[in-house]
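Please open the structure in your viewer and keep the sequence beside it.

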Amino acid sequence: MGIINRIEAKRNLTRQNHLSGEERARLLRSKKFDMCPKCIKRLNSLRFKQDAELIPNLYPGYTAWRDEVPKRYDLMHSWNCWYTFINLTRVRKGLLFNGSVWPDYQAFWERALESIPNWPGFRRTKLSKQELEAIERFHYELAAREWS
Ligand SMILES: [Zn+2]
């Protein structure tokens, strides 16, 4: 990632506060898999790690493991790329806990599978009951810490 991109990503990060609630809600509701070729390449080149840890502050309530996210928040150079990724983790979480992809997001999910088949997150679409409980406990403890 070039220095310009890094500066742009940082600028976007600080701008997150200025992203209007309306705009954020629109991006979070989007059912479009809207990611640039660079980010697709980035996600596709990540390697699955059996012992990867859960990320605490990706986005409140959203679940991803360390090996599923590129370094330095590269995806944040564009809100479309970032929120597409956030939505991907949300749809996968739905799949983990409900056993199926929400019908509204079927096309999104298929598009993701086609675009980034090597994304480590696709190796985590079925977990044991204990693993699911560990995720819930993880988020519960994070929330409890934030409110204490
Ligand atoms: Zn991108």
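**The whole chain**

A residue is buried if 20 or more other C-beta atoms lie within 10 Å of its own, exposed if 12 or fewer, and partly exposed in between, with C-beta atoms placed from the backbone. Residues are numbered from 1 along each chain as its sequence is written. The model is predicted: local features need pLDDT of at least 70, side-chain atom pairs count only at pLDDT 80 or more, and totals for chains, interfaces and linings use all residues.

Display the secondary structure next. The chain has six helices and zero strands; helices (H or I, at least four residues) and strands (E, at least two) are DSSP runs, numbered from the N terminus.

Then colour by pLDDT, the predictor's confidence in each residue, from 0 to 100. The mean for the chain is 88, and 87% of its residues reach 70 or more. Confidence is lowest in helix 1 (residues 3-15), at a mean of 64, and highest in helix 5, at 98.

**The largest nonpolar core**

Select Leu75, Cys81, Trp82, Phe108 and Ala112. Of the 18 residues in the largest nonpolar core, these five touch the most other members. Such a core is a set of buried Ala, Val, Leu, Ile, Met, Phe, Trp, Tyr and Cys residues joined through C-beta atoms within 7 Å. Helix 3 (37-44), helix 4 (79-98) and helix 5 (106-115) each supply at least two residues of this core, and the largest share, six residues, comes from helix 4.

Centre the view on Cys81. Leaving aside neighbours within four places in sequence, Cys81 is in contact (C-beta atoms, placed from the backbone, within 7 Å) with Met35, Cys36, Cys39 and Leu75.

Now select Phe108, Trp109 and Ala112, the buried residues of helix 5. Seen down the helix axis, they fall within an arc of 95 degrees, so they line one face of helix 5; the arc is that of the directions from the axis to the C-beta atoms. These buried residues pack against helix 4. The face turned away from them carries the exposed residues Glu110, Leu113 and Glu114.

**A loop residue**

Finally, select Pro56, in the loop between helix 3 and helix 4. Is Pro56 buried or exposed? Pro56 counts as exposed, because there are 10 C-beta neighbours inside 10 Å.

Definitions and conventions: Contact = placed C-beta atoms within 7 Å.
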